[in-house]
Amino acid sequence: MYKKVWLFFAIGFVALQGSMCNNEENIKGTPIEKIDGITIYKEDIEANISKGVQMTPEMKDSMLKTLEKMVVLYLAARDEGFTKDPDIMRKAIWAKRIAIINDYVYRKTAGVTVSDAEVNKFIEDRKALFGKNVSFDVLYVYDTTKMKEVIKLFKFNSKARKLQNYQKLGLIRIESHDDNNLGLWALNFGENNPMTQALLNVPVKGISEPINLGNFYIVYKKTSETSQDLNATEIKEYIRQYLISKKKQEIIDKIYKMYMGKYEPEVIEK
C-alpha cells in the first residue's frame with residue numbers, strides 16, 4: 001500500500017508542478033513551511049494521496065521531505081532559466097490540464113460497477129473462447145522469399161536446426177506461448193482478429209494460413225489445447241475489470257460527445 005501511495009503522490013505532484021508559478025498562491029490552505037516564496041500546505045499532501053488511505057505521522061513527514069526536495073529542484077530549474085523556456089512551459093501547462101482531467105474522469109466514473117450476472121453472461125456468450133486454453137508457437141517471416149520453405153519446416157518441427165540458423169540471420173523469428181486462455185487473448189486482440197480466429201479454429205498440431213501484418217507475415221501452430229473452467233476466479237475477475245473499463249470509457253465518450261457540440265474546434269490553420 002505504501003508504495004502505491006507514493007506512486008500516486010509522485011505522479012500527481014509532477015502533473016501539478018505546472019502551477020508553481022507567480023499565481024500559485026491563489027490556492028490557499030494550512031501552511032506548513034515556505035521555501036523562497038513557495039508555500040507547502042497541509043492540503044498539498046492530502047490532495048495527492050489515494051482516497052481512504054490513513055496517513056501515519058512517518059508517512060506525512062516523509063512526504064513533506066519529498067515536497068521540499070521537489071520545490072528545491074523546481075527553484076534550481078527556475079534559477080537556471082527553465083521557466084523561461086517556452087517548450088518546457090508549454091509542457092507544464094498541459095501537465096496541469098492532464099492532472100485536472102484525471103481527477104475529473106476519476107470522479108465521473110468512480111461509481112461504476114459490474115454485476116456477477118453481467119460477467120456470467122459475457123462468458124456464456126463467448127464460452128467457445130473462454131472455455132479453451134491453448135499453447136502455440138508463432139513463426140514471424142521477414143524474408144518472404146523463404147516463406148514456403150520455413151512454413152514447411154515449421155509445421156513439422158518448430159525447433160529445426162535450419163530454422164534456428166535462419167533466426168540467427170534475422171530472416172525469421174519463432175516464439176512459444178504456453179497455456180493462454182483464448183478468451184483473454186480475444187479481449188486483448190479482438191474476437192474477430194485473424195490471430196484469434198487462427199488459434200480458435202486451427203486443430204492441435206495444425207498451422208494457420210500466413211497472416212499479413214504489413215512488413216512481415218506470421219503463422220500459428222497450435223501445440224496443445226485444454227479445457228478451462230468458466231467459473232475460474234481469475235477469469236471472472238479479469239472480465240469484471242474489462243467490463244468496468246469499458247463502461248467507464250462509454251461514460252467519458254458520452255461526455256466528450258456532449259461537450260464537443262458545445263465547444264466545437266475552430267480551425268485556425270492546417
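**Exercise 1. Determine over which residues pLDDT stays under 50, and how the chain scores as a whole.**

Solution. Where pLDDT is low, the predicted coordinates should not be read in detail.

Step 1: The mean pLDDT of the chain is 88, and 90% of its residues reach 70 or more.

Step 2: This is a predicted model, in which local features need pLDDT of at least 70 and side-chain atom pairs count only at pLDDT 80 or more, while totals for chains, interfaces and linings use all residues. Residues are numbered from 1 along each chain as its sequence is written, and side-chain values use heavy atoms, with hydrogens and water left out.

**Exercise 2. Identify the residues with the most contacts inside the largest nonpolar core.**

Solution. Step 1: A nonpolar core is a set of buried (under 20% relative accessible area) Ala, Val, Leu, Ile, Met, Phe, Trp, Tyr and Cys residues joined through side-chain atoms within 4.5 Å.

Step 1: The largest such core has 16 residues, and Phe136, Leu182, Trp185, Ile218 and Tyr220 have the most contacts inside it.

Step 2: Two or more residues each come from strand 3 (132-141), helix 9 (182-189), helix 10 (194-201) and strand 6 (217-227); helices (H or I, at least four residues) and strands (E, at least two) are DSSP runs, numbered from the N terminus.

Step 3: A second, separate core of 14 residues includes Ile40, Met63, Leu67 and Val71.

**Exercise 3. State where Arg78 and Asp36 lie, and whether each is exposed or partly exposed.**

Solution. Step 1: The structure holds 14 salt bridges, each a side-chain nitrogen of Lys or Arg within 4 Å of a carboxyl oxygen of Asp or Glu. One of them joins Arg78 and Asp36, whose closest N and O atoms are 2.8 Å apart.

Step 1: Arg78 belongs to helix 3 (residues 57-79), whereas Asp36 sits in the loop between strand 1 (31-35) and strand 2 (38-41); the pair, 42 residues apart, links distant parts of the chain.

Step 2: Arg78 is partly exposed at 31% relative accessible area, and Asp36 is exposed at 53%; exposed means over 50%, and partly exposed lies between this and the buried limit (1.4 Å probe, protein chains only).

Step 3: Asp36, Arg78 and Asp79 are linked in a network of salt bridges.

Terms used
pLDDT = per-residue confidence, 0-100.
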